[in-house]
Amino acid sequence: MTRVLAVISAVPVAIRWLATIVFVVLIVALSITPDRGQAGDTVFHWLVTNTGTLLQKILHLLVYATLTGMLFWALESIATRRLRIVLALGGAVLLGAALEWFQLRVPGRFGSVGDILLNAAGAILGLVVALLLM
């Protein structure tokens with residue numbers, strides 16, 4: 001475990017940010033993709049319609065836990081741990097809330113307060129894990 005943490009800590013900051021930004025772009029793309037149920041549907045539509053509600057909720061937790069951990073990792077060059085916590089947690093929670101709000105305007109998608117809370121719970125989980133590991 002110590003060796004894995006040493007390897008993770010050795011990753012250059014630019015690579016950390018690139019990985020985090022790619023993950024954010026993936027989250028945004030999946031969150032704003034319409035779900036219309038038409039001929040020629042996307043793989044995304046197929047996945048959403050064939051993924052049970054419980055699994056979707058678990059994925060909310062895992063995605064935002066991962067996002068928060070990645071943000072905390074990317075922000076490691078900030079000396080103040082408290083500021084890193086605020087930025088990582090705040091960034092993940094704000095992104096989750098903004099995407100849920102935006103989904104109210106996407107055909108076939110819906111945003112909910114419950115999903116915002118799941119995103120926030122996932123962010124808190126990710127922060128706890130990041131604090132234990134880094």
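A crossing of two helices is left-handed if the near helix is turned anticlockwise from the far one by less than a right angle, and right-handed if clockwise. Helices are DSSP runs (H or I, at least four residues), numbered from the N terminus. The model is predicted; local features need pLDDT of at least 70, side-chain atom pairs count only at pLDDT 80 or more, and totals for chains, interfaces and linings use all residues. Residues are numbered from 1 along each chain as its sequence is written, and side-chain values use heavy atoms, with hydrogens and water left out.

Helix H2 (residues 13–32) packs on helix H5 (residues 81–103) with a right-handed crossing. The angle is about 25 degrees and the axes lie 9 Å apart. Axes are lines fitted to C-alpha atoms, for helices over the stretch in contact, and angles run from 0 to 180 degrees between N-to-C directions. H2 and H5 are therefore roughly parallel (angles under 35 degrees; over 145 is roughly antiparallel, 65 to 115 roughly perpendicular, and the rest oblique). Val 24, Ile 27, Val 28, Ser 31 and Ile 32 of H2 touch Leu 95, Leu 99, Phe 102 and Gln 103 of H5 (contact: heavy atoms within 4.5 Å). This contact has 7 nonpolar, 2 polar and no charged residues. Ala, Val, Leu, Ile, Met, Phe, Trp, Tyr, Cys and Pro count as nonpolar, Asp, Glu, Lys and Arg as charged, and the others, Gly among them, as polar.

H2 also packs on helix H4 (residues 53–74), at about 155 degrees and with axes 9 Å apart. H2 and H4 are therefore roughly antiparallel. Their crossing is left-handed. Residues of H2 in this contact include Trp 17, Phe 23 and Ile 27, and those of H4 include Tyr 64, Met 70 and Trp 73. By class, 13 are nonpolar, 2 polar and 1 charged.

H5 and helix H6 (113–133) pack at about 155 degrees, again with axes 9 Å apart. H5 and H6 are therefore roughly antiparallel. H5 passes H6 in a right-handed crossing. Arg 81 and Glu 100 are among the H5 residues in the contact, and Asp 115 is one of those from H6. The contact holds 11 nonpolar, 2 polar and 3 charged residues.

The lining of the second largest pocket draws at least two residues from each of helix H1 (2–10), H4 and H6. H6 gives the most, with 5 residues. The lining includes Leu 5, Trp 73 and Leu 133. It divides into 10 nonpolar, 2 polar and no charged residues.

Key. 1 Å grid on protein atoms, 1.4 Å probe; cavity = no way out; pocket = protein on both sides within 12 Å on 5 of 7 lines; lining within 4 Å.
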